Amino acid sequence: MPAKLVGGQEGDRFINLPLLADRNAHDYDIIISRRVRGLRPDRLPEINDHFMYCQSMFGFARTLTESEFAEVFPFQPRCFEVVRRITARDLPTARSGILIFHEVVNHPDLLARDRLIRVCDLLCSQHLVHDCLTAPAYKAAYTAYRSVSEALPTLAELDPEDLPLARDVLATLFLWHLAYIETPRPMSISDLAECTLTTDDVLKAEDSVRLVLQQVKALPQIEFDGKAARFVPKGGDGLAILSLFNGYLKRASGDRYRVLGQWTNSLFLTAQETGGH
């Protein structure tokens with residue numbers, strides 16, 4: 001290994017670790033975290049508060065020690081797995097990974113939030129979206145994702161209050177598909193709830209995710225069997241014509257006074273306005 005890439009102590013910019021070895025994948029997490037952010041000693045108590053909260057809410061945190069959690073803070077651990085695998089194909093792996101995480105951890109919207117950065121938040125990286133996802137290996141799947149993402153608000157079965165979670169679930173399944181594009185694997189409801197850091201005051205987190213998946217399973221790009229879901233890159237097709245129509249009908253039904261007004265006005269339309277003679 002070139003001398004300039006060898007660090008002598010903890011905190012060095014360059015650390016002598018096998019960057020991409022699957023048997024030691026956690027090393028990648030540590031390297032990326034240390035390269036893209038520093039931890040202020042006076043803020044460590046706040047990081048410990050995050051750790052205690054996550055341990056009380058999410059299973060992934062209960063598998064980590066406090067120091068292991070701090071090593072990868074402020075990222076939900078699945079982020080590293082996804083980026084490491086996506087950037088391993090036809091891309092400058094280490095450089096792209098560092099740039100993606102650097103852009104995400106410095107994104108104003110994410111800095112303003114008081115929670116970990118999730119897999120779906122990775123799409124805030126301009127490098128990921130404009131450079132990586134346009135690569136030949138991912139372009140077709142990204143086209144399909146964009147199509148279905150734009151169609152989500154028009155889905156008749158999806159309640160408006162569930163749209164944010166639906167977007168998070170869709171983005172997570174999409175990036176998970178890219179991570180394992182050669183051997184697609186579904187993501188369980190429990191893993192989706194943890195990846196999206198879903199919490200709910202009324203329903204269990206898994207029930208909230210299940211409800212959203214039931215509502216979006218009409219999408220051709222989403223396969224859901226009741227226990228697990230996966231993204232399927234079926235071209236650029238969005239919703240069927242009937243689903244689109246039902247979406248518009250649902251929105252119109254929610255504004256009955258405007259609809260009645262339009263009907264009343266139509267009674268006084270001239271022949272020219274109606275296309276008659």
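1. Helices (H or I, at least four residues) and strands (E, at least two) are DSSP runs, numbered from the N terminus. By that count the chain has 13 helices and 3 strands. Helix H11 covers residues 205-216, and Leu211 lies in it.

2. A word on the basis. This is a predicted model: local features need pLDDT of at least 70, side-chain atom pairs count only at pLDDT 80 or more, and totals for chains, interfaces and linings use all residues. Residues are numbered from 1 along each chain as its sequence is written, and side-chain values use heavy atoms, with hydrogens and water left out.

3. Start with the whole chain. Of its 277 residues, 42% count as buried. Buried means under 20% relative accessible area, exposed over 50%, and partly exposed in between (1.4 Å probe, protein chains only). The accessible surface comes to about 15,500 Å², and 54% of this belongs to carbon and sulfur atoms. Such areas come from the Shrake-Rupley method with a 1.4 Å probe; for residues, only the protein chains shown count as cover.

4. Next, contacts, meaning heavy atoms within 4.5 Å. Take those in the chain between residues at least 6 apart in sequence: 62% join residues at least 24 apart.

5. Which residues of helix H4 are buried? In this helix, residues 78-86, they are Cys79, Phe80, Val82, Val83, Arg84 and Ile86. Their cover includes helices H1 (26-36), H3 (66-72), H5 (93-105), H7 (126-132) and H9 (163-179).

6. Thr172 is found in helix H9. Its relative accessible area is 1%, so Thr172 is buried. Leaving aside neighbours within four places in sequence, Thr172 is in contact with Val119, Cys120, Met187, Leu192, Cys195 and Thr196.

7. Cys195 is in none; the nearest cysteine sulfur, that of Cys79, is 7.9 Å away. Cys195 counts as buried because its relative accessibility is 2%. Cys54 is buried too, at 3% relative accessibility.

8. Back to Leu211, this time for the surface. With Val202 and Leu203, Leu211 forms a nonpolar patch of about 280 Å² of accessible area together. Patches are made of residues with over 30% relative accessible area and no salt bridge; like charges are joined within 9 Å, nonpolar side chains (Val, Leu, Ile, Met, Phe, Trp, Tyr) within 5 Å. A salt bridge is a side-chain nitrogen of Lys or Arg within 4 Å of a carboxyl oxygen of Asp or Glu. Leu211 counts as partly exposed because its relative accessibility is 40%.

Conventions: A disulfide is a pair of cysteine sulfur atoms within 2.5 Å.
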